[in-house]
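Please work through the following exercises with the sequence and the model at hand. Each task is followed by a worked solution.

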Amino acid sequence: IIKMLAKSPAGLEETLAQELEELGATNIELLNRAVAFEGTKRELYAANYQCRTALRILVPIAHFTILNEQDLYTKMKAIRWENYFGNSHTISIDSTVATSLFTHSHFVSLRAKDAIVDRFREKTGERPSVNIENPDFRINMHIYKDEVDVSFDSSGASLHKRGYHVSNAEAPLSEVLAAGMILLSGWDRQSNFIDPMCGSGTLLIEAAMIAMNIPAGQHRDEYGFMRWKDFDQDLWEEVKNDAHEQQHDFEYKIVGSDISERNLKAAVANLRQAGLTDMIELKVSP
């Protein structure tokens, strides 16, 4: 059984908890902008692939308290990083800090990186390198007062990056927020869905995916857990196939309009990328 933490935007914790429950997660606990839960590797993969309101799925690997900066370095260095990755892997560290011990999250990330790199140097004579953009391993650090939580980010890029957004209108809406708004609205999928100010179509696409039970991650090729030593390709295919078998038709209309033709062009491109052109009607309209 793996302990996990799903991050969400504020206000969507209950919606996310419900999604996780439907996927078979256990010991679900609501936190601030997050939901703690337990499950197997199957739930880890499914949460990444299917949760519409999760931003990332973290797997905690260490928890400790610190008194100062040296403490942070020492305790980060004590973790057996070599069990998880090797010299040839790239890493990046994201830190969130709410403590009087440190003023800058960037500084925390740097000290943590030093600790990891120094451990590898001492053990192997070599060191993993840092890649901010597309690392093999994303390490997530959360410091609150004197408590430190260290996790692996199983998602890689944030889960709001669904893979269908090729064109944006002004001020695009986050996919996770769009899905959350629809799920919170109480729409039961037994009626038409209309967005009269649809912009680049995010609400329309999320509504269509909810209506037909298309997994949130259907158009996404990559997740952090795919680079982990214990990645199970067969289980991953199984999770995807199970999700696809649960898709169904939608008998009502999904209609979007916008006053701006430019916005609608963006929407058309995104619909095409999402494979939903036949599902959604678009028109220019005030």
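The exercises below concern a predicted model and treat a sheet and a group of aromatic rings.

**Exercise 1.** Determine in which order the strands of the open sheet are arranged, and which are the edge strands.

*Solution.* Step 1: the open sheet is formed by three strands, in the order 9-10-11, with parallel pairing. Step 2: strand 9 (193-195) and strand 11 (280-284) each pair on one side only, which makes them the edge strands.

**Exercise 2.** Describe how strand 10 pairs with strand 11.

*Solution.* Step 1: strand 10 comprises residues 254-258, and five bridges join it to strand 11 in the parallel sense. Step 2: opposite Val-255 stands Glu-281 of strand 11.

**Exercise 3.** Classify the ring pair Trp-81 and Phe-85, then the pair Phe-85 and Phe-120, as stacked or tilted.

*Solution.* Step 1: the ring centres of Trp-81 and Phe-85 are 6.1 Å apart and the planes stand at 40 degrees, a tilted pair. Step 2: for Phe-85 and Phe-120 the centres are 5.5 Å apart; the planes meet at 20 degrees, and because planes under 30 degrees apart count as stacked, this pair is stacked. Step 3: Phe-85 belongs to the loop between helix 3 (69-78) and strand 5 (90-98), whereas Phe-120 belongs to helix 4 (residues 105-124), so the pair ties together parts 35 residues apart in sequence.

**Exercise 4.** State whether Trp-81, Phe-85 and Phe-120 are buried or exposed, and which cluster contains them.

*Solution.* Step 1: Trp-81 and Phe-85 are both buried, and Phe-120 is buried as well. Step 2: ring pairs link Trp-81, Phe-85 and Phe-120 into a cluster with Tyr-84, Phe-137, Phe-152 and Trp-228.

Notes:
Residues are numbered from 1 along each chain as its sequence is written. This is a predicted model: local features need pLDDT of at least 70, side-chain atom pairs count only at pLDDT 80 or more; totals for chains, interfaces and linings use all residues. Side-chain values use heavy atoms; hydrogens and water are left out. Two strands pair if DSSP finds at least two bridges between them. Helices (H or I, at least four residues) and strands (E, at least two) are DSSP runs, numbered from the N terminus. Rings of Phe, Tyr and Trp (its six-membered ring) pair if their centres lie within 6.5 Å; planes under 30 degrees apart count as stacked, over 60 as edge-to-face and the rest as tilted. Buried means under 20% relative accessible area, exposed over 50%, partly exposed in between (1.4 Å probe, protein chains only).
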